[in-house]
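Here are my notes for you to read alongside the model.

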Amino acid sequence: MKILLLTSSILGDNSQSNHLANHYKAQLKAQGIQVEWIERDLAENSLPHLTAEEMGSWMAETPTEAQLQLRQRSDDLIDEVKAADRIVLGVPMYNFGIPTQLKAWFDRVLRAGSTFRYTAEGPEALLETKPVLILAARGGLYAGTPADSQTPHLKSLLGMIGQTDVEFIYAEGVSMGDEAKQKAIANAEAAIDAHVKAMV
Ligand SMILES: Cc1cc2nc3c(=O)[nH]c(=O)nc-3n(C[C@H](O)[C@H](O)[C@H](O)COP(=O)(O)O)c2cc1C
């Protein structure tokens, strides 16, 4: 199977969401699940902010060579989503939201006419639904409360392109002392183990 794995932490080796992504990869290997990985570290290789020029390149009817080149950036990211059987996102919480690097990825993948279209009844998704797993790391505690602005935002972004089969695994309270952090990571790892076992 092909899995698209996107990580987006700015904390590199100290990142909790990267740790969970690595744990997920190790568990798949341990379960003997053969995977062709499509991996992007969106923090290490960050995309620029979306501009009118880049958006214009998507819509140009007779694109110039420069527009074709610019359009390729979004085309490649969308092709990776289409090619994947599953999608896994490592998502840190930064300032109550998703990292700007991950938002820059969504800004290229939510593309009218390609991955969704506008209709009289509202937007319609154009991509096949596939399982999405979110590995979310947070300093505080939010899951299941109105203060969790990140989860509904991710659901809205993914839903726009047909990704309604979304599971969240949270490591929360990682900035609330060592004990809380260890417990949060252990719980998230156990949830990942159960998720992977259910894939076999
Ligand atoms: C720039 C920055 C902003 C943060 N903002 C929040 C926040 O709004 N709420 C929160 O609970 N934790 C916040 N934290 C803590 C992170 O959510 C926590 O460190 C988490 O482990 C980040 O994921 P990562 O380790 O994969 O980068 C922030 C951390 C950083 C570096």
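How many residues sit between β4 and β5 in their hairpin? Point 2 has the answer.

1. Ground rules first. This is a predicted model, where local features need pLDDT of at least 70 and side-chain atom pairs count only at pLDDT 80 or more, while totals for chains, interfaces and linings use all residues. Residues are numbered from 1 along each chain as its sequence is written, and side-chain values use heavy atoms, with hydrogens and water left out.

2. The hairpin: two residues separate β4 from β5. Helices (H or I, at least four residues) and strands (E, at least two) are DSSP runs, numbered from the N terminus. β4 covers residues 116-119 and β5 covers residues 122-125, and they pair in the antiparallel sense over four bridges; pairing requires that DSSP finds at least two bridges between the strands. Look for Y118, which stands opposite P123 in β5.

3. Now the sheet. It is open, with five strands in the order β2-β1-β3-β6-β7 and parallel pairing. At the edges you'll find β2 (36-41) and β7 (166-172), each pairing on one side only. On average, neighbouring strands are turned by 15 degrees against each other, direction ignored; the angles use axes fitted to C-alpha atoms (for helices over the stretch in contact) and run from 0 to 180 degrees between N-to-C directions.

4. Zoom in on one pair: β1 (residues 2-7) runs parallel to β2 over six bridges. Within it, I3 has W37 in β2 as its bridge partner.

5. Helices on the sheet: α1 packs there and touches β1, β2, β3 (86-92), β6 and β7, with its direction at about 140 degrees to that of β6. Contact here means heavy atoms within 4.5 Å. Helix α6 (residues 178-197) also packs on the sheet, touching β3, β6 and β7, and its direction makes about 155 degrees with that of β7.

6. Polar contacts are pairs of N or O atoms within 3.5 Å. A polar side-chain atom of Y142 is 2.8 Å from an oxygen of the ligand.

Terms used
Polar contact = N/O pair within 3.5 Å; in protein donor to acceptor, adjacent residues only side chain to side chain.
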